[in-house]
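Have the model open while you read.

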Amino acid sequence: MSGVIDVSRRIPEKLTFLQKLYIPEILRGMAVTLRHLLRNLANMRGLPTILYPEQKRDYSGRFRGKHILKTREDGTMKCVACFMCQQACPAECITIVAGEHPKLAYEKYPVVFDIDMLRCVFCGFCVDACPKDAIWMTRNYEMVFFSREDAVFSIDRLRETPEEVARHGYGYRPYYPGDGTTPPTDASLLPVLPGSGERDRLREEGIPLPERDPGPGPLNAPSQAAKIVRSP
Amino acid sequence: MTVAEVSTLSPAAEKLRERLGDSPMAARTSVADRDLPTIEVEPGDWPGLARFLRDDPGCQYDLFLDLCGVDNLRRRGQKTRFEAVVHLHSLSKNEHIRVRVPLDAANPSLPTVTDVYPASEWFEREAYDLYGFDFPGHPNLYRLLCHDAFVGHALRKDYAPGQRWFFAEEDMRIPEWAKNTDERAGHFETQTISIGPSHPATHGIIHLMARLDGEKIVRAETNIGYLHRCFEKMAETHHWNQVIPYADRLNYVSAMINGVGYVRTVEKMLGVEIPERGQLVRTILSEFSRIMDHCVCIGANLVDIGALTNFIYLYENRESIYDLLEACCGARLTVSYVRVGGLAIDVPDDFAVRCRGLLESIPKFLADVEKLVDNNRIVRNRLAGTGIVTKEQAIGWGMTGPMLRASGVPYDVRRARPYDFYDRFDWDVPIANDGDNFSRYLVRMEEMRQSLKIIRQALEILPEKGPVNSDDWRVVLPPKDAVYHDMESLIYHFKLVMEGIRVPAGERYEWIEGANGELGFYAVSDGRGGPYRLKVRPPCFPSMAAFEKMVVGGTVSDAVATLGTLNIIAGELDR
């Protein structure tokens, strides 16, 4: 704790004659700006401005950019369609339709997993919410669309690809190498449980299985405009 | 419980009850003990009580902080459908109190207190707009945040939020005084002009209607709400944690401080303590955000009066602070870094090194700006002696932060009610006495230096390693390691994500020092996973309300300079 300081007396209230003359003050100011100019000329690489898009800013490994859906070693998606990210999303931009996976060990998988990139606020809550380490973010911040429908990214564009990771690198994710946390065990490496197997094989053996729900169809959100009520 | 009854109140509430014993409406008021001493008063007695609270030497609640409505439609155990909630502060006693005015559903009306507290004018307009409260005697009771063609009152619980109201040009309300343009005053024909809504000098979208006599403004009225994004309504439909990205977008220039202010409110309701390291990281990043906010304010203000270079120098600070924030949480502007009970993720290993680097670089740019500006005759002519707010005016208009301090009142929440570690640091509250635009510039420059001082001390006591989050898994998501491998943690994780944090039913007003002044969050919980009602007390709202009075008598160019030093952030103003 300390006191209160009065800053109105920090600099003289009245300007001196020389200061009122403009010219000496202009020269003093020029000295400041010229110093910056010369320093920047000598150190062109250290400039705070960059020549985007030729030159890209190097963001940290926590950058919250475009999402990716992680895959298991066998290429299937880690997502088990638990709806946690959809529920956690403050912008309500994630739409999931769950389906039953043919392999019993995986149980559920997302038939539809859409993220509306125009609604998304890139807060990273979905990454925090995921209990399966299935959704990460990359450092890709260049998402350009020509229509609103284009901005709704489906599984095809969200699934992790090696090219994308090589190009942009991982961003926000639940654990970082060396910070003491370990990723979950890859389900594809788990031993096959007794009785589990392919769905079709079970059906052949006469075990009753529930019919798969086809879901409500394509899930592009209907336009808001249709719901608009004109004031009477 | 009436004032006359004997009760078991906290010392603060008991003292307030004793003081109220002298008031003429003592028999009809009651004092309750909540997070703040709370007076309950009938609507008819409210102006009398307000006058008593302001003028009585035992009370002296001179700073009007906030007035908001609450709709009790879906809340259990409340007597009336509506209530108006007022928060007041006493500068001499350094105390906050709350006044509740219960209002019935059929006629939610309470007399205005604009003659007692001029600051209440816009708050009352807002309550009229969003809750439909009537304020008999109010000088200018029109909608403030919603547009003039809006039907209904958006924050009432029975308002259907899907409705859309279109606004056409002819719906625009033009004040009576502005319609008549050929009135003659002095030498020139006066004319009414619109400055804004889209004008480079209005910093966001603000509409100023001004009646000019030559170049002098003789009357003005501001019109806001162009950036109203229903923050408070959205908060009611989200979980406590999900409000954080919305809170970021209030004062988006210093998003971190908003987040800290909001989660502190929720943490106090829950009674959660966060570890020292988490608090210190929040403090450090909040102070950096404050520097950023002041940099933007001063830089933009100087651009408005024609000094572009300073803007570039100050923005370089901002750029480097953004780099630090991005390294911590992955976003530069809307950080969403805090969580109820701690932080989203621990800071990177090189956090202290980066902070020390910034402590080195920032003062250099500040020194350059001071060299260019302090003794510059043009800047002095434009800023010194313009936009003057006297001490009495500043208090009456409910200003806080640098605005109030530049008028000579050393009220800083970090000093008046130290939170986190502010009482352990050695720092000064800068004040100035003139109350003009130049004083505000000087106060902000000094505050940046004091913030650097605070950061330096915070870095010294920042533990090298340690938890940043509370270990209460009913509040904080369990560590990912545990979620992946441990069933119980997964259940906690699931409950938190799907149902949100269960905050005990009750209400809380929690306030911190935002970059513009006192940033208060008034939260009401009904025990669900999300807020029942969340009201922000935006620090620049009272300053903007006073703007139309401050500019009268000055020229248009003075008004531009004054608007710059008010530091209006439209996101926070319009919510």
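1. The crossing of α18(B) and α19(B) is right-handed; a crossing gets that label if the near helix is turned clockwise from the far one by less than a right angle, and left-handed if anticlockwise. This is a predicted model, so local features need pLDDT of at least 70 and side-chain atom pairs count only at pLDDT 80 or more, while totals for chains, interfaces and linings use all residues. Residues are numbered from 1 along each chain as its sequence is written, with chains lettered from A and ligands numbered from 1 in the order in which they are written.

2. Helix α18 of chain B covers residues 540-550 and helix α19 of chain B residues 556-566; they pack at about 165°, axes 10 Å apart. Axes are lines fitted to C-alpha atoms, for helices over the stretch in contact, and angles run from 0 to 180 degrees between N-to-C directions. α18(B) and α19(B) are therefore roughly antiparallel (over 145 degrees; under 35 is roughly parallel, 65 to 115 roughly perpendicular, the rest oblique).

3. Who touches whom? From α18(B) come B:Cys540, B:Ser543, B:Met544, B:Phe547 and B:Met550, and from α19(B) B:Thr562, B:Leu563 and B:Leu566 (contact: C-beta atoms, placed from the backbone, within 7 Å).

4. Now the strands (DSSP E runs of at least two residues; helices are H or I runs of at least four, both numbered from the N terminus). β1 (residues 30-33) and β2 (residues 37-40) of chain B pair antiparallel over four bridges; pairing takes at least two DSSP bridges. A hairpin of three residues joins β1(B) to β2(B), and B:Asp33 has B:Pro37 as its bridge partner in β2(B).

5. β2(B) also pairs with β5 (residues 95-103) of chain B, in the parallel sense over three bridges. There, B:Ile39 stands opposite B:Val99 of β5(B).

Conventions:
Two residues are in contact if their C-beta atoms, placed from the backbone, lie within 7 Å.
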